[in-house]
Amino acid sequence: MRRDDHGSEWRGRDPEKDAIRDRIWSLLEAEGVARFPGARGRIPNFRGAEAAADRLDDVPAWRAARHLKANPDLPQLPVRIKALRQGKIVYMAEPRLASDRPFRELDPARLGDRIRAAASIGGAARLGRPLPPEAVPPLDLVVAGSVAVTRDGARLGKGGGYSDLEFALLQELGLITPDTVVVTTVHPLQIVPSLPMTPHDLPVDWIVTPDEAIATHTRYPRPAGIAPDLVQPDQWETIPLLRRLARHR
């Protein structure tokens, strides 16, 4: 069992998906486009991540977004910086959703000249305002990290399951609606012909690379909320928000 840079455990639960992850990580390394801290076991940082962030301006939903949730991984650091510099309010989840106030609000109006620092994982923990879920507004856009994607919107994460879980929780709380757009930034080598998808896997509406912004027009359904197989047995006890939802079911 390995841990990623967000503190979550990378657990191989699907041999087919694990094989695809290994193939993508190896390809990025072999082609010399993987950047620090390495590809394996992670949402891989890639050469051109900054150019992909710049390309987000080609996405109408990005231009219109005011409130967005972003994954904490390094390849999306330029995305978080860009969002804050454009005046967008960014929400990042605390590692493992471990507290009663599991979301950090990064409001550029409060950050002043600390935007770049606040966009990092450690900076968000120091400078972000911790909020309970009921204080988070409905989200216009979600930025998701990916290991692999398809042009019709299938997505494969690193295998920890927290991204899917965060999305499902926010959907249960009404903070993600059918109008919330899901975007990912990737290297072109991460686009593959097909991926296996399960009911709790999160599809994407837009794929943005350094070279193009791709509207997927995805037909894959979004997770319908918290599914039993999405939650590890220990998470019902260790994630306060899950405990709260369980009491009201």
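The model is predicted, and local features need pLDDT of at least 70, side-chain atom pairs count only at pLDDT 80 or more, and totals for chains, interfaces and linings use all residues. Residues are numbered from 1 along each chain as its sequence is written, and side-chain values use heavy atoms, with hydrogens and water left out.

Student: How many cavities of 30 Å³ or more does the structure hold?
Tutor: On a 1 Å grid over the protein atoms alone, a cavity is a set of points where a 1.4 Å probe fits but cannot get out. Points are joined across faces, edges and corners, and a volume is the space filled by probe spheres set on them. At 30 Å³ or more, the count is 1.

Student: Which helix gives the largest share of the lining of the largest cavity?
Tutor: Lining residues have an atom within 4 Å of a point; here they are Lys69, Val142, Ala144, Ser163, Glu166, Phe167 and Leu202. Helices are DSSP runs (H or I, at least four residues), numbered from the N terminus. The largest share, 3 residues, comes from residues 162-172, helix H8.

Student: What is the volume of the second largest pocket?
Tutor: A pocket is an open set with protein on both sides within 12 Å along at least five of seven lines. For the second largest pocket, the volume is about 180 Å³.

Student: Which residues that line the second largest pocket are the closest to its centre?
Tutor: The lining of this pocket has 13 residues. H4 gives the largest share of them, 5 residues. Closest to the centre are Glu50, Leu77, Pro78, Ile81 and Arg116.

Definitions and conventions: Helices (H or I, at least four residues) and strands (E, at least two) are DSSP runs, numbered from the N terminus.
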